[in-house]
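User: Could you take a close look at the aromatic rings in this one and walk me through how they sit together?

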Amino acid sequence: MFGHTAGAYTGALKNKKGLFEEANHGTIFLDEIGELNFELQAKLLRVIETGEFFKVGDSTPTKTDIRIIAATNRDLEKEIENGSFRRDLYYRLSVFQINLPPLRERIEDIEPLSRYYSQFFAEKTNKKIKPLSDAFIDKLKKHSWQGNIRELKNVIERCVILSSDGVLSIEALPVVFFDNTTDEALSFSMADVEKNHIRKILRRTQGNKMEAARLLNIGITTLYRKIEEYKIG
């Protein structure tokens, strides 16, 4: 994020700008800010408070004037209580908050998003895709969408790839759409639902954690943390 100077370490043959220098007088978007380790949180706080940072191998600070937009799917207030996120950084970042509800709470958005992504991937794969059927849309609306819009995007891409006649069929949907434990899952806590979902994805990827993390739309470190937290064997 901060760049380095020539000779700062083996292989650093020339000066390199970091993201904060490249974004000077502009905006930088920091996704999954809740995953940032404690050391980097302190450095980020310094940038926000002083408007300057040190490149690796440099003793002179570099100034920057940027607007920071950060996003996370974690409850940062709970992370503060757990000691994994700095309270001072949280207050610096949360000057203005936008709470985006999960896709399962925005059912009305599923249809337009699905139609958009079906056309997007149709162009990408050079296919002619027919309008989505009501039955297909209804099936999408009944899904829990633990991975939110990224999961929807992956599902539509999959269906477009598998389509041979221009129709996105219900049969092309992933196996999790045909799980009959929906009613049972309603009695579970959210932690139980998440744990079972991760297990299903890991079974689907035959234990490939990188692929599972991609399908779940979470970082690989987050997946390992949840596997350890839920004791998923």
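Analyst: A quick definition before we start: a residue counts as buried under 20% relative accessible area, as exposed over 50%, and as partly exposed in between. Keep in mind, too, that this is a predicted model. With those cut-offs, F120 comes out as partly exposed, because its relative accessible area is 36%. F121 has a relative accessible area of 2%, so this residue is buried.

Now for the rings themselves. A pair of aromatic rings is described by the distance of the centres and the angle of the planes. Rings of Phe, Tyr and Trp pair if their centres lie within 6.5 Å, and planes over 60 degrees apart count as edge-to-face. By that rule there are nine aromatic pairs. Take F120 and F121: their ring centres are 5.0 Å apart and the planes meet at 85 degrees, so this is an edge-to-face pair. These two Phe residues also belong to a cluster, in which ring pairs link them with Y116 and Y117.

For some context, the protein chain has eleven helices and six strands, and 34% of its 233 residues count as buried. Its C-alpha atoms fill a box of roughly 60 × 45 × 35 Å along the principal axes. The chain exposes about 14,600 Å², with 51% of that supplied by carbon and sulfur atoms.

One of the bridge partners is A70 in β6, which goes with L30.

How values were computed. Residues are numbered from 1 along each chain as its sequence is written. This is a predicted model: local features need pLDDT of at least 70, side-chain atom pairs count only at pLDDT 80 or more; totals for chains, interfaces and linings use all residues. Side-chain values use heavy atoms; hydrogens and water are left out. Helices (H or I, at least four residues) and strands (E, at least two) are DSSP runs, numbered from the N terminus. Buried means under 20% relative accessible area, exposed over 50%, partly exposed in between (1.4 Å probe, protein chains only). Accessible areas come from the Shrake-Rupley method with a 1.4 Å probe; for residues, only the protein chains shown count as cover. Two strands pair if DSSP finds at least two bridges between them. Rings of Phe, Tyr and Trp (its six-membered ring) pair if their centres lie within 6.5 Å; planes under 30 degrees apart count as stacked, over 60 as edge-to-face and the rest as tilted.
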